[in-house]
Amino acid sequence: SGFLKDKSLGDKRLTSMPDRVTNTINTLSQGVVYRPTVINCFDGDMSSMRKWWREWKNFMFNFTLKLQGTSSAVTRPAAMLQKIKQSKYPAITAEEEAISIPLQTLCQAIFDAILVHIVTTVSPTPGKWQTLRLQMCEALNKRKDERTKAILDNSYADADVIFLQEAAAAFLSVVRSSSLGSRYIVGHAAS
């Protein structure tokens, strides 16, 4: 698809920014939730475009969640998107900045739809790709915090200083409440 090859979408962050915000969300009461897409551990039914689209719209616009580290307010994934500013991303035009939230939503939907179309079209057995993806998620993504903490505990037990980059706030909570939290000062950069 020309959409996937369009460099300007990357320069403008029209798919990467909403993906960063809605791909995998750590919530207070529902645990980790995932946007219905091929590129994460969403475990709902994406066996057809119709089923995926129903899931995607429901998640983005109807699904309510309470984020970790926030007040008691609830939000929806679509409401988490933020304006993409031309001052930070010069490739975006003033007009695109003005409509950047709905534009991001549209671009994310197109991106996710293309991926679902690809895997449902090329999969020799209907649904087989979902089974394989979920097996990979189980092996590589689920319990990632536990495994990362175990590596830090075992392989770096003698380290005086450990720096982690791109660590989720939920992981910081795991570390603080573990033996690592009693051995190290666990800080984080200001947003």
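User: This is a predicted model. Which residues of helix H9 are buried?

Analyst: In helix H9, residues 169-176, the buried residues are Ala170, Phe171, Leu172 and Val175. An α-helix has 3.6 residues a turn, so residues three or four places apart point the same way.

User: What covers the buried residues of H9?

Analyst: The cover includes strand E1 (24-26), helix H8 (144-155) and helix H10 (179-183).

User: Take H8. How do I read its packing against H9, and at what angle do the two pack?

Analyst: Start with the axes. Those of H8 and H9 are 10 Å apart, and the helices pack at an angle of about 50°. H8 and H9 are therefore oblique to each other. The crossing of H8 past H9 is right-handed.

User: Which residues make that contact?

Analyst: H8 brings Asp145, Thr148, Lys149 and Leu152, and H9 brings Ala170, Phe171 and Val174. By type, the residues of this contact are four nonpolar, one polar and two charged.

User: Now helix H4 and helix H6. At what angle do their axes cross?

Analyst: H4 covers residues 49-62 and H6 covers residues 100-122. Their axes come within 11 Å and cross at roughly 150°. Angles over 145 degrees count as roughly antiparallel, so H4 is roughly antiparallel to H6. This crossing is right-handed too.

User: Which residues of H4 and H6 meet?

Analyst: From H4 come Met49, Trp52, Trp53, Trp56 and Phe61. They meet Thr105, Gln108, Ala109, Asp112, Ala113, Val116 and His117 in H6. The contact of H4 with H6 divides into eight nonpolar residues, three polar and one charged.

User: What does Asn23 touch?

Analyst: Leave out residues up to four places away in sequence. Asn23 then touches Pro18, Val33, Tyr34, Arg35, Ile39 and Asn40. There is also a polar contact of 2.9 Å between the side chains of Asn23 and Asp19.

User: How many residues apart along the chain are Asn23 and Ala170?

Analyst: They are 147 residues apart along the chain, and their C-alpha atoms are separated by 15 Å.

Definitions and conventions:
Residues numbered from 1 in each chain as written. Predicted model: local features only at pLDDT ≥ 70, side-chain atom pairs only at ≥ 80, totals over all residues. Heavy atoms only, no water. Axes fitted to C-alpha atoms, helices over the stretch in contact; angles between N-to-C directions. Helix = DSSP H or I, 4+ residues; strand = E, 2+ residues; numbered from the N terminus. Parallel < 35°, antiparallel > 145°, perpendicular 65-115°, else oblique. Left-handed = near helix turned anticlockwise from the far one by under 90°. Contact = heavy atoms within 4.5 Å. Nonpolar A, V, L, I, M, F, W, Y, C, P; charged D, E, K, R; others polar. Buried < 20%, exposed > 50% of the residue type's maximum accessible area, 1.4 Å probe, protein only. Polar contact = N/O pair within 3.5 Å; in protein donor to acceptor, adjacent residues only side chain to side chain.
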